[in-house]
Amino acid sequence: MTRWLAWGVFLMGCLYFLLPLLGMAEFSLRMRRDEYSFDAYRVVFADGRFWATFGYSLMLAGWTIVVGVVLVVPTAYWVRLKLPQARPFVEFVTLLPLVIPAIVIVFGYIRLYNTSSFLPLTGSALGTDFLLTMGYATLALPYMYRAVDTGLRTIDVGTLTEAAQSLGAGWITIMLRVILPNVLVAVLSGAFLTLAIVMGEFTMAALLNRPAFGPFMQLIGANRAYEPPALAVIAFAITWGCMGLMQLVSRLSKHERARGR
Amino acid sequence: MSFLTIANLEKSFGTIRVVKDFNLSVDKGEFISLLGPSGCGKTTVLRMVAGFEVPTSGSIRIDGQEVTGLRANARNIGMMFQAYALFPNLTVADNVAFGLRVKGVGRAEREARVAEMLALIGLPELGARYPFQLSGGQQQRVALARALAPRPRVLLLDEPLSALDAKVRVSLRNEIRAIQRELGITTIFVTHDQEEALSISDRIVVMNGGIAEQVGTPFDIYNHPRTRFVANFVGTLNTFEAVVEVPASGIVRIGEQAMRLAEPVEAPRGAAIALALRPEALRLGRAEGREVVLEGTVREVHFLGSVIRVTADVAGTRVALDTFNRADTPPPAVGTTTEVSLSARDFIPLA
């Protein structure tokens, strides 16, 4: 009886989430009258701006991941190793981006780094890209930090560090050869989450006036009928692809198998 | 000139003094055990030698070099941990090669050294495995190979056997000792297990409350404990209350029985002193050379195989005594009255 009830609830949940998606996917295939076609997708893919904005966002996502890893892995490691009493504080800081709206951050950036400021980053495309990357890294911080911190929890950070030190390793060797490889799966899941966030981000890119994927989606959505759902399906495919990659990577890494996944 | 010298070492965490004025000289190739209950400071001493803790004061010298201010990775020491601490992302061979790689040893030499080390620990076939594919005992042996590969000056063992089951513990400790002898490497071994310390050490440092209570060979520590703590912590002990009769000639009285100890007593006539006796110094029944015979009642009998441990009430105290198993003599029954004989020279006066 409970079993049937559980399955019933599960199916209801599935319908609740899947029906809108199905409706959207179905609508995206209806551009041609009276028959299903991929016309909407063809239009989207034929649009030069799609590829330009997609590539741009992908590149920024890559840089954001690099910045995030360089910032978060040593920090999380150091907090675990030497400053466990600072953990609540650091966790609080990493959660701030969830509470502070992106628009506040970006307005702060524009105020601090505008062309008449001491550091006119918004004066050049490169400077603005740098600002945008930092903004994205901030937005991704809660996810990146949590992923890495969870990864660090599965290894005995203190003893491994001491073992490496007793074998003559310095901090850089310890980071690159002991800590990073052992939290690689966690870092990758953080990286994929970052990718998903950056690909869909609108506010920052729009206000900094950069040709990112988010503003392009918004532009299409405001002006066309069948292409927006096609874009949404593509965006979902990217996100799910990322999740699949996350699973795949954690399966493929040999020493992770011991943890019974 | 000793190889490793620890002088006036002190360590405080906040207001708590964990290690107090610790001094130790270790010769080259010596196997030293730091033995004591948890919280006695033995691990802290080891971690200061390793460079993981900074001493509050005092000095540590290895091979004539002052290392007190040196970082851990510059000390050239090998260390084994209770939790194995193998790098989970590296194969066994890569784990063993880690220290060599850090040192910048060339590939050919590195591979030769790794093969040599794996042969030394008796696991030459397992180089390609990952740590999680090994048993605890195998992992700890790999940890030993990893620690030894870069030819450290000193080997530090931080309770490396505690996480293993009893049988592996005994075989691995013998193996560690054999390898240590073969390589002639100076070793400090931290343990809370007195049997472990007694069986493999050249010398033992018994620690209590951050102080080295006694330093000596296992034979010395066991047979001539200098403090009550050492006597109690190392081995099982029976304690008798005795009254001093003639201090200069060491004559005391237990109950009604007067006896002469091996040495003069440092207490005045009429004072009560505590005398200790190892279980194996007591004998059930009368025996030659054991002039003191006391009446006793058998309370418990534990048949352990080669040894039978009997608990009896003798002269108002409960004592444990060990007898060897003999196929023709069954152990006494619980509740029976028996005679217990001993030699007064075996008594250890407790300070």
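Tutor: Two strands pair if DSSP finds at least two bridges between them. Strands (E, at least two residues) and helices (H or I, at least four) are DSSP runs, numbered from the N terminus. The model is predicted: local features need pLDDT of at least 70, side-chain atom pairs count only at pLDDT 80 or more, and totals for chains, interfaces and linings use all residues. Residues are numbered from 1 along each chain as its sequence is written, and chains are lettered from A and ligands numbered from 1 in the order in which they are written.

Student: What makes strand S14 (residues 272–277) and S20 of chain B a pair?

Tutor: They share two bridges, in the antiparallel sense; the definition asks for at least two, so they pair. B:Leu275 stands opposite B:Pro349 in S20(B).

Student: How do you know which residues of chain A touch chain B?

Tutor: Residues are in contact if their C-beta atoms, placed from the backbone, lie within 7 Å. By that test, 19 residues of chain A are in contact with 20 residues of chain B. H7(A) supplies the largest share of chain A's side, six residues.

Student: With which residues is B:Val96 in contact, beyond its neighbours within four places in sequence?

Tutor: Among them are B:Val114, B:Met117 and B:Ala145.

Terms used:
Two residues are in contact if their C-beta atoms, placed from the backbone, lie within 7 Å.
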